[in-house]
Amino acid sequence: MKNIVYLLIGTFFGIVMYKSEAASWFRIYEMFQFQSIHMYGLMGTALAVGIIVVQYIKRNKVKNINGEPINIADKDKSIPRYLIGGILFGLGWALAGACPGPMFVMTGAGYFPILVVILGAVLGTWLYGLIKDKLPH
């Protein structure tokens, strides 16, 4: 039964992503050309909601579905890790026209060439797993 809930939430999220044009290559291109505020508005709204929800979870000691307290650990602060990772992520996003969430939305919408991008993302994640101990963290 839990898996059905996750499937329904994921389906709803995909529909919202598609209808809001967050999975639109044109909207992403517009954003990187600084021609429209559409994507910045979507991301800004998601950021604001995320901050509010995380603060609510931390302050009210919310418990997960199994009754265990949710513990959100603080992130290690280091400029190289976020700078290099952000540049690589942004370049991939700009070249592919999609970040991880919209890649799957585009597949569901029938844009099957995005499967090549998903394969590249999976291979990149696998490669990172191989060399992560040698990288500056």
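The predicted protein contains six helices and zero strands, and its elements follow the order α-α-α-α-α-α from the N terminus. The C-alpha trace extends over about 40 × 40 × 30 Å along its principal axes. Of the 137 residues in the protein, 16% are buried. When contacts between residues at least 6 apart in sequence are considered, 34% of them link residues at least 24 apart.

The UniProt record, an unreviewed entry, assigns the feature "transmembrane region" to residues 38-57, 82-105 and 111-131. In the model, residues 38-57 are 100% helix and 0% strand, with a distance of 29 Å between the end C-alpha atoms. Residues 111-131 are 86% helix and 0% strand, and here the end C-alpha atoms lie 32 Å apart.

Helix 2 spans residues 25-32, and its buried residues are Arg27, Ile28, Glu30 and Met31. Viewed down the axis of helix 2, these buried residues fall within an arc of 155°, and they therefore line one face of the helix. Such an arrangement can be read against the geometry of the α-helix, in which there are 3.6 residues a turn, so that residues three or four places apart point the same way. The buried residues of helix 2 pack against helix 3 and helix 4. Just after helix 2, Phe34 adopts a positive phi of about 55°.

In helix 5, the buried residues are Pro102, Met103, Val105, Met106 and Thr107. The elements that cover these buried residues of helix 5 include helix 1 and helix 6. Helix 5 is followed by Gly110, which has a positive phi, near 100°.

Tyr82 is located in helix 4, which comprises residues 79-96. With a relative accessible area of 45%, Tyr82 is partly exposed, because this class covers values between the 20% limit for buried residues and the 50% limit for exposed ones. Once residues up to four places away in sequence are set aside, Tyr82 touches Lys75 and Asp76. The C-alpha atom of Tyr82 is separated by 24 Å from that of Glu30, a residue 52 places away along the chain. Leu95 also lies in helix 4. The relative accessibility of Leu95 is 75%, so this residue counts as exposed, the cut-off for that class being over 50%. Leu95 and Tyr29 are 66 residues apart along the chain, and their C-alpha atoms are separated by 9.5 Å.

Two or more lining residues are given by each of helix 4, helix 5 (100-108) and helix 6 (114-131). Helix 4 provides the largest share of this lining, with eleven residues. Classified by type, the lining of the largest pocket comprises 22 nonpolar, five polar and one charged residues.

The second largest pocket has a volume of about 490 Å³. A total of 17 residues line this second pocket, and Met17, Leu42, Met43, Ala46 and Leu47 lie nearest its centre. The elements that give two or more residues to its lining are helix 1 (2-19) and helix 3 (38-60). Helix 3 makes the greatest contribution to the lining of the second largest pocket, nine residues. This lining divides into 14 nonpolar, three polar and no charged residues.

In summary, the predicted model has six helices and zero strands. Helix 4 gives the largest share of the lining of the largest pocket, whereas helix 3 gives the most to that of the second largest pocket. Helix 3 and helix 4 are also the elements against which the buried residues of helix 2 pack.

Conventions: Residues numbered from 1 in each chain as written. Predicted model: local features only at pLDDT ≥ 70, side-chain atom pairs only at ≥ 80, totals over all residues. Heavy atoms only, no water. Helix = DSSP H or I, 4+ residues; strand = E, 2+ residues; numbered from the N terminus. Buried < 20%, exposed > 50% of the residue type's maximum accessible area, 1.4 Å probe, protein only. Contact = heavy atoms within 4.5 Å. Nonpolar A, V, L, I, M, F, W, Y, C, P; charged D, E, K, R; others polar. 1 Å grid on protein atoms, 1.4 Å probe; cavity = no way out; pocket = protein on both sides within 12 Å on 5 of 7 lines; lining within 4 Å. Points joined across faces, edges and corners; volume = space filled by probe spheres on them. Arc of directions from axis to C-beta. UniProt positions renumbered as here; feature names shortened; annotations may be inferred.
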